[in-house]
Amino acid sequence: MSRIGPMFERLRAEGRLGLFPFITTGYPRLDSTPDLALALFDAGADLLELGIPFSDPLAEGRTVQATTYQALRNGVTVARCMEAAAAIRARTEKPLVFMGYINPILAYGMDRFTADAAAAGVDGLIVPDLSMEETAGLHTACQAAGLDLIFFLAPTSTEERVRQVAALASGFIYCISVTGVTGSRDSLGDEVDSLLGRIRAMTSTPLALGFGLSRPEHLRHLEGRVDAAIVGSALLDAIAKADDPAAAGAAFVHWMRGEA
């Protein structure tokens with residue numbers, strides 16, 4: 001059973017916004033991911049997105065592309081991502097989600113990928129370049145493995161797309177704050193409240209907002225508007241400058257929470 005649903009129930013009971021960091025598996029070093037993940041959880045992260053490095057990450061901005069390139073140079077493969085997830089799962093019961101592109105999943109084998117991810121303790125899967133035409137097969141494989149398949153919705157999403165996602169979504173829906181790629185931004189897009197309202201009108205599935213979140217005030221703005229905030233590029237930038245990635249990651253989570 002996915003750990004994502006119970007996590008959102010706890011967030012609602014506690015009346016607080018979830019914080020979901022994104023890290024690139026195998027960055028900055030091949031063996032650094034488990035310790036970094038646990039440091040983020042200990043600092044207050046509620047769920048962790050583990051990025052599976054891919055040579056053509058279309059949805060990513062400069063920071064994630066750079067970390068992906070370094071992780072690939074470090075020798076990260078899908079199999080090593082599975083190992084990293086299992087190592088994290090041995091030390092925590094907090095939810096883990098893989099974020100990866102469709103080509104590595106297909107190359108690994110869709111059914112094998114979902115089965116191995118579930119065996120490693122992963123709870124869900126996000127695929128940025130998943131088309132609606134490819135949804136059925138992966139959705140079936142995820143259901144068979146007990147994984148939540150998490151879909152994207154953006155300010156440009158049509159009413160039909162929102163309706164389709166609302167019908168299929170489990171775990172949470174990944175709401176994109178702005179049109180474009182990942183990366184830290186000074187402010188949230190003006191379309192955020194409108195997007196969240198359109199989606200909320202069609203589903204009770206939890207909503208998590210990402211793309212561009214980088215400051216404590218962004219989280220404060222989202223309280224009461226969305227169930228969770230996703231932070232990636234700003235966290236990776238903080239890690240990149242640090243001698244101790246785990247300590248830097250923990251300090252960043254505390255800062256985003258307004259605790260430092």
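Okay, let's start at S157: apart from its neighbours within four places in sequence, S157 is in contact with V162 and R198, contact meaning heavy atoms within 4.5 Å. Quick caveat: this is a predicted model, where local features need pLDDT of at least 70, side-chain atom pairs count only at pLDDT 80 or more, and totals for chains, interfaces and linings use all residues. Residues are numbered from 1 along each chain as its sequence is written, and side-chain values use heavy atoms, with hydrogens and water left out.

Back to S157, in the loop between strand 6 (152–153) and helix 8 (159–168). S157 is buried, at a relative accessible area of 13%; buried is under 20%, with a 1.4 Å probe and protein chains only. Its side chain reaches the backbone nitrogen of A154 at 2.8 Å.

Most residues other than glycine have a negative phi, and most peptide bonds are trans. F211 isn't a glycine, yet has a positive phi of about 80°. You'll find F211 between strand 8 (207–210) and helix 10 (216–222), in the loop, and F211 is buried too, with a relative accessible area of 5%. Then there's the cis peptide bond joining Y27 and P28, omega about 0°. P28 sits in the loop between strand 1 (18–24) and helix 2 (33–43).

Last stop, a helix pair. In helix 6, M110, D111, T114, A115 and A118 meet G137, L138, A141, C142 and A145 of helix 7. That contact divides into seven nonpolar residues, two polar and one charged.

How values were computed
Helices (H or I, at least four residues) and strands (E, at least two) are DSSP runs, numbered from the N terminus. Ala, Val, Leu, Ile, Met, Phe, Trp, Tyr, Cys and Pro count as nonpolar, Asp, Glu, Lys and Arg as charged, and the others, Gly among them, as polar. Buried means under 20% relative accessible area, exposed over 50%, partly exposed in between (1.4 Å probe, protein chains only). A polar contact is a pair of N or O atoms within 3.5 Å; within protein, one must be able to donate a hydrogen and the other to accept it, and residues adjacent in sequence count only if both atoms are side-chain atoms.
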